[in-house]
Amino acid sequence: MALSSICIASGESVKGTCYAFSCTQLADAAALSMYLFHDRTKKDICVYQYEQTEFSDQLGSRIGAVFEQFLQGGKNNFFWNRLGSGRKRRNLATLLSELRRLYPREGSRLFVCVSWSASEEFTALPPTKQRKVLAAFSEWAASQGIQLHLVFLGSAIYLGGAALAASKLSGLAKFSAISAASYELTVDFWLAAESIFAREWLLALSEDQTWQVEEVRAHKGEAVEQRKRVNKTRIFASRMVLGDAGASAANIFARVAESNAELVEIASKGVDIAAFGCDSNTDFLNLAEQIHSLRKVAEPGLRIMVREMRPYLRHTDEQFLLRAGADLVVPAALSFSTFLGQLSALSKLYSTRDTVSDFTLLRETWRPPLQSGYTDPEQFIDHVRNEFERATYTDVEHALVVLRPAEGIRVKDCLSLCGLFREGDQVTASSKGVYLFFYACRGGDVDIALRHSFSLPADQLFSHRDVIVIQDGLSSIFREIRSYADLEEFSSLASDHQGNLKGSLAGQSDNLLSMDAILAKPLILESSEK
């Protein structure tokens, strides 16, 4: 789908209106501004309720580089004043008063990224006050004749429908990352030259700031009229699905294919239910592509099941199979008889699923297993930042632990006693201390995690520790890691301690950054208004 065909990004929004977005990560808000204003003019204005260095520090290396190019392409970029930020609270009332001072020209577009603290404060308000706040922005946009795009962060994603309905907003949409370079845009409602409701797109951003956009379509109403009951002679499965049930269970199905690939060939000619198998020997991405190709050529109403034969699929894998076209993923913990019950229940439903036509774009939405063990400082920072930002909508808690070695103990000695084996747990170091990131770990469980991470008690190795479980405390730690990184010390870890640290620097020399690159400060651009 061409970018210009989406009214949100083509400048077709109605003048004098206010549209609200929710973004789960700060990097998503940066990408959204590049998406909305890819064709920005001199009248268009971008406002970020952050100091520029503070904003840039919280972007990943990839999106940060592209965002700097975007900022250089226009002069009307405004960030929170460093001196004023200490005297003014970053709430929505202060933000609105600052926006009024810009005196935007009629017909211009205004992108406004609300800070984390202001977004959380707004979310905590009762619905009546939320309506008043949003109405104030909407009325100001109407009085100026501008298109106002208001972006909330964090838990503001759960804005109540009642509050939105009475707030004079002209549209509501969600924009969130699903991989390093791909995004999901979901529109609840959007009033424009051609209004749209409940539609979804997948977007991919390249380094040259161009976008690939494709709509995820649902079947139209006429497909529902073609509903039909499942014919038992049209239920097919791959042999892997039978598992321990034995050959006698094959009689349940009209035909049992010897492999998933053969099942695709059979099902493409017309079946009602196709049941695929998946175990640790299955090429997961190949299975997803097979399901995707089948969904594209299959008759309307085909139900596709995937039975996991051994505990193998991660949650993100299951979600990817569903996006690829599967209707149901049955976990390995369920018995064969329970699986048959799920099959019976699915037979009573009519599938109107569809997926994007380009599997390459869909492939970008899959998240590979997380790296564990030692990583260099810059990779560690990107990993921690991304996981904390994802936690705002996955309800998964993480912990960053800063450890200061006891007197007489070197950082390098502490690392030699550290071993991390859980997926997503990572460690890095600077001359100031050791930094441990525990994936999916509550603050109250840090003691247990530390006990399993060092071969000696942590209390004997370290004199002080800080535990960070909220995103607001990350920036100062990231600056410390960058400032006191000692790459000569790190480079020796690969040979000295690679046996102790899973995911050490061995084989990763190409990923090491120079000291100049690590200490480089983000580019600060002057706004047109002093």
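For contacts I used heavy atoms within 4.5 Å; helices (H or I, at least four residues) and strands (E, at least two) are DSSP runs, numbered from the N terminus. The model is a predicted one, in which local features need pLDDT of at least 70 and side-chain atom pairs count only at pLDDT 80 or more, while totals for chains, interfaces and linings use all residues. Residues are numbered from 1 along each chain as its sequence is written, and side-chain values use heavy atoms, with hydrogens and water left out.

**Overall counts**

I recorded 21 helices and 19 strands for the protein. Of its 530 residues, 54% are buried, where buried means under 20% relative accessible area, exposed over 50% and partly exposed in between, with a 1.4 Å probe and protein chains only. Among the contacts with a separation of 6 or more, 73% come from residues 24 or more positions apart.

In α9 (residues 260-267) I listed Asn 260, Leu 263, Val 264, Ile 266 and Ala 267 as buried. Viewed down the axis of α9, these buried residues fall within an arc of 165 degrees, so they line one face of the helix; the arc is taken from the directions that run from the helix axis to the C-beta atoms.

I then traced an open sheet of five strands, ordered β11-β10-β12-β13-β14, in which the pairing is parallel; two strands pair if DSSP finds at least two bridges between them. Strands β11 and β14 (328-330) stand at the edges with a single partner strand each, so one side of each has no neighbour in the sheet. On average, neighbouring strands of this sheet are turned by 20 degrees against each other, direction ignored. Three bridges connect β10 and β11 in the parallel sense, and Ser 238 stands opposite Ala 257 in β11. Helix α10 packs on the sheet, where α10 touches β12 and β13 (303-308) and its direction makes about 170 degrees with that of β12. For such angles, axes are lines fitted to C-alpha atoms, for helices over the stretch in contact, and the values run from 0 to 180 degrees between N-to-C directions.

**The mixed sheet**

A further entry concerns the open five-stranded sheet with the order β15-β17-β18-β16-β19, where the pairing is mixed. Its edges are β15 (373-374) and β19 (462-468), each with a single partner strand, so one side of each is left without a neighbour in the sheet. Strand β16 (residues 399-405) runs antiparallel to β19 and is joined to β19 by six bridges; I noted Asp 466 in β19 as the bridge partner of Val 402. Helix α18 (residues 474-483) lies across β16, β17 (426-430), β18 and β19, at about 45 degrees to β16.

**Strand β6 and its partners**

Six of the seven residues of β6 (residues 171-177) are buried, which leaves this strand mostly covered. I found β6 joined to β1 (residues 17-23) by five bridges in a parallel run, with Leu 172 in β6 as the bridge partner of Ala 20. Seven bridges join β6 to β7 (residues 182-190), and these two run antiparallel; the partner of Phe 175 in β7 is Leu 185.

**Aromatic rings**

Rings of Phe, Tyr and Trp (its six-membered ring) pair if their centres lie within 6.5 Å, with planes under 30 degrees apart counted as stacked, over 60 as edge-to-face and the rest as tilted.

Phe 388 and Phe 437 form a tilted pair, 6.0 Å centre to centre with 55 degrees between the planes. This pair links distant parts of the chain, since Phe 388 belongs to helix α14 (residues 377-394) and Phe 437 to strand β18 (residues 433-438), 49 residues apart. I marked both Phe 388 and Phe 437 as buried.

Ring pairs also link a cluster made of Phe 37, Tyr 48, Tyr 50, Phe 55, Phe 67, Phe 70, Phe 79 and Phe 111. The charged end of Arg 40 sits over the ring of Phe 70, 4.7 Å from its centre, where sitting over a ring requires NZ of Lys or CZ of Arg within 6 Å of the ring centre and within 35 degrees of the ring normal.
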